[in-house]
Amino acid sequence: MQDFTWLTPYLLLNLSHGLLGLIWLGGLRRWTGSLPAILEASLLRWLLALPAIALILRSLGLTTATPAGPVLIRIDDWSKIINQSELALGALLSLSAGAALVTFIQEILPLLKKMYPNISKNRQRLEVTQNSRPHLALENITRSYFKSSSTGAITDRSITRSWSPHAWTWKVRTRAPKVIVSTDLWIATEGLFFPQIIISTAVLSLLNDDELEASIAHECAHLAIGSNFVLGWIWLIRLVQLFNPAALVAFRELVECRELACDSWASWITRKPEALASAIKKLTDANYVTLAQSSRDTHAARAEIRTTAQRIQALLETDVTAPDSAIFLIFSTALLGGLLWGIR
Amino acid sequence: MGNSLRRVLSTLLWTAGLVLTLGSIDRLFLGPIAPNGWIRVASIDAVPAAAGKIKTPNYFPATLGWPPEKIFYQLKPHPGWWISAKVNSDEPNSGTVWIGTLVDDSLSSLGDSNFLADCLSIPQGLRCPEGWYFLSKQTPDNQTLYVLTNFSKQEGIRIIEGL
């Protein structure tokens, strides 16, 4: 029988990091009150990245066998205990294999279907058309953003650096929204290195001007916080931890949190959270009707409705505030890093 | 400001609580953390079992005392021990016997007994002064024992065969 005992320290290290990170973040939410979505999304990103970095360093032999400094959890010693028990080793390997399977079915397969038309039967050839509404909406958003910046609403330098007028112009303004002819409800940012906002004609006919502006502001927030390029890196980090169920949970939470963070940005820029909430509801209701009629993916549609309800609640019940300070993010990330460093 | 301070304090307290809990669980099940490197102790009883069992040799030159004068053990990075006994004399080259189980890079941190590291000189090979003999044997329980002595080679062989 194959000897898998050499895997134990790596699996255990990554699992411990992921679990501890989630527990820590859960406690943070509980004891500090609700965290701003933008802050939480950043913390979740580090929560995913730090264990992956630790795993890579260990795999390359760059962490010493006898670590210097205080150690919270001695992974090598715990690994020896697990390896001595067939039951414990079997449980760890099964958990890891299960996590990888769930990741493949739930996340990788749908992504492949979306990226490769031969796999997906629903891909249509897209025709681009002209429509002035998205461009007018973007101009309004840009005016609102610059107004908020100049009134000193953003004081944190790390935020002004990524949202500076120059950055805004490069990241957002130069990427004029593209309108495609389609009966599918489609509004998203597409493209890896030069992302662009894509809107379908079905969306244009569904949403009024305020709702359209709020929706485009949401997509602008995606562009400004790093969009698909950053998401690509997050995916790579995720793949390094394919066998970690904690990374699976963290990734899902991150994806949802990014949406909430972009909602938060959009509300702050447009000062119209009700418009965005209304747009989200309209799009989700229309999507559900379509999917229910086609009797496909109704579970996914119901899950989306639950997420949508969360987003709408956050928009309507949370005060519109400027983006949070980066100082607490740096402080809490350092604490998280120190905590995870103690497990080795 | 008040909210920010409250958040910082809550975060610190929560993290500290987690650290204490995790550390306690680890120590509870695995015991205290083994120190790194070589440690000198005063008696053979102070050497933990994890470092290996120190056997009293069946043969030891009469001029040497027992228990040994110097006793070292290491648990991490690799477990092992070394003991040393010397003829009671002011002569720096008086008869000395070293007995041990571990020959690797970690010997360089053996503290005041760098003679061992210089002589065994990993990875360059043996660099002991003339008149010193280095012997080894495999015990029935698969442990490798080493003897380094400046007694005669025959004495060295008698010592190692008595272990």
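In helix α3 of chain B (residues 153–161), the residues B:G156, B:I159 and B:I160 are buried, where buried means that 20 or more other C-beta atoms, placed from the backbone, lie within 10 Å of the residue's own. These residues lie on the same side of α3(B), because they cover an arc of only 90° around the axis, the arc being that of the directions from the helix axis to the C-beta atoms. This is a predicted model, in which local features need pLDDT of at least 70 and side-chain atom pairs count only at pLDDT 80 or more, while totals for chains, interfaces and linings use all residues. Residues are numbered from 1 along each chain as its sequence is written, and chains are lettered from A, with ligands numbered from 1, in the order in which they are written.

**Around α3 and β4 of chain B**

- The buried residues of α3(B) pack against β4 (96–100), β5 (133–138) and β6 (144–149) of chain B; helices (H or I, at least four residues) and strands (E, at least two) are DSSP runs, numbered from the N terminus.
- Four of the five residues of β4(B) are buried, so this strand is largely enclosed by the rest of the structure.
- Strand β3 of chain B (residues 80–86) pairs with β4(B) in the antiparallel sense over five bridges, pairing requiring at least two bridges found by DSSP, and B:A85 stands opposite B:V97 in β4(B).
- β4(B) also pairs with β6(B), in the antiparallel sense over four bridges, and here B:W98 stands opposite B:L148 in β6(B).

**The sheet of chain A**

- Four strands of chain A form an open sheet in the order β1-β2-β4-β3, with mixed pairing.
- The edge strands are β1 (127–129) and β3 (187–190) of chain A, each of which pairs on one side only.
- Strands β2 (residues 178–181) and β4 (residues 196–200) of chain A pair in the parallel sense over three bridges, and A:K178 stands opposite A:I198 in β4(A).

**Contact between the chains**

- 17 residues of chain B are in contact with 18 residues of chain A, a contact being two residues whose C-beta atoms, placed from the backbone, lie within 7 Å.
- The side of chain B that touches chain A has eight nonpolar, six polar and three charged residues, where Ala, Val, Leu, Ile, Met, Phe, Trp, Tyr, Cys and Pro count as nonpolar, Asp, Glu, Lys and Arg as charged, and the others, Gly among them, as polar.

Technical notes. A residue is buried if 20 or more other C-beta atoms lie within 10 Å of its own, exposed if 12 or fewer, and partly exposed in between; C-beta atoms are placed from the backbone.
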